[in-house]
Amino acid sequence: QLEGCAGVGDVSELYLAYKLKDLLTVQAAMLTACIDYSETAGATRGSALYRDKGGLLREGLDELFRFTPETKYSGDKVQQIRKEGGSFKTAWRPVRPIPKEDAFFENVWRSYQKNKNVY
């Protein structure tokens, strides 16, 4: 419904319309992910704090910050979100293992400086 309630006065402002559309799209995706997470795992994980009136309260914090730590997935699942039509869909998948190869930037750069990565 963005097109019906927002617009630009001049073509030089068109970038602002795209910026607003992008911002609202990201907000909708994030809210969908938060709602799904709350319904699926329902507990605090990482930087997401989900309030739980019967949960833990860390020293020095107000009652508002009671929470229950997430244990259902304990880092073995990751949430994915995708856009389908005009809405967002969520899914959970197992965490992929860390690759065995040692191709971290620092190692590749060190090798490049040594032999230009020619073997």
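Reader: To start with charge, how many positive and negative side chains does the chain have?

Author: This is a predicted model. The chain carries 18 positive side chains and 16 negative ones. The centres of the two sets are 6 Å apart.

Reader: Thank you. Which secondary structure elements does the chain contain?

Author: There are three helices and three strands. Read from the N terminus, their order is α-α-β-β-β-α.

Reader: Is the chain as a whole spread out or compact?

Author: The chain is more spread out than a compact globule, because its radius of gyration is 22 Å, well over the 14 Å that the globule rule gives for 119 residues. The C-alpha trace spans about 60 × 55 × 35 Å along its principal axes.

Reader: What share of the residues is buried?

Author: Of the 119 residues, 12% count as buried.

Reader: Let us change topic. How many aromatic pairs does the structure hold?

Author: The structure holds four aromatic pairs. One of them joins Phe105 and Trp109, whose ring centres lie 6.3 Å apart with the planes at 10°, so this pair is stacked.

Reader: Where do Phe105 and Trp109 lie?

Author: Both are in helix H3, which covers residues 105-115. They are four residues apart, about one turn of the helix.

Reader: Which ring pair does Trp109 form with Tyr112, stacked or edge-to-face?

Author: The pair of Trp109 and Tyr112 is stacked, because the planes are at 20°, under the 30 degrees that the term requires. The centres of these two rings are 5.6 Å apart. Trp109 and Tyr112 are three residues apart in helix H3, about one helical turn.

Reader: How exposed is Tyr112?

Author: Tyr112 is partly exposed, with a relative accessible area of 35%.

Reader: One last point. Which residues do ring pairs link into a cluster?

Author: Tyr37, Tyr50 and Trp92 are linked into a cluster by ring pairs.

Methods:
Residues are numbered from 1 along each chain as its sequence is written. This is a predicted model: local features need pLDDT of at least 70, side-chain atom pairs count only at pLDDT 80 or more; totals for chains, interfaces and linings use all residues. Side-chain values use heavy atoms; hydrogens and water are left out. Helices (H or I, at least four residues) and strands (E, at least two) are DSSP runs, numbered from the N terminus. The radius of gyration is taken over C-alpha atoms; the globule rule is 2.2 Å times the number of residues to the power 0.38. Buried means under 20% relative accessible area, exposed over 50%, partly exposed in between (1.4 Å probe, protein chains only). Lys and Arg count as positive and Asp and Glu as negative; His and the chain ends are not counted. The place of a charge is taken as NZ of Lys, CZ of Arg, CG of Asp or CD of Glu. Rings of Phe, Tyr and Trp (its six-membered ring) pair if their centres lie within 6.5 Å; planes under 30 degrees apart count as stacked, over 60 as edge-to-face and the rest as tilted.
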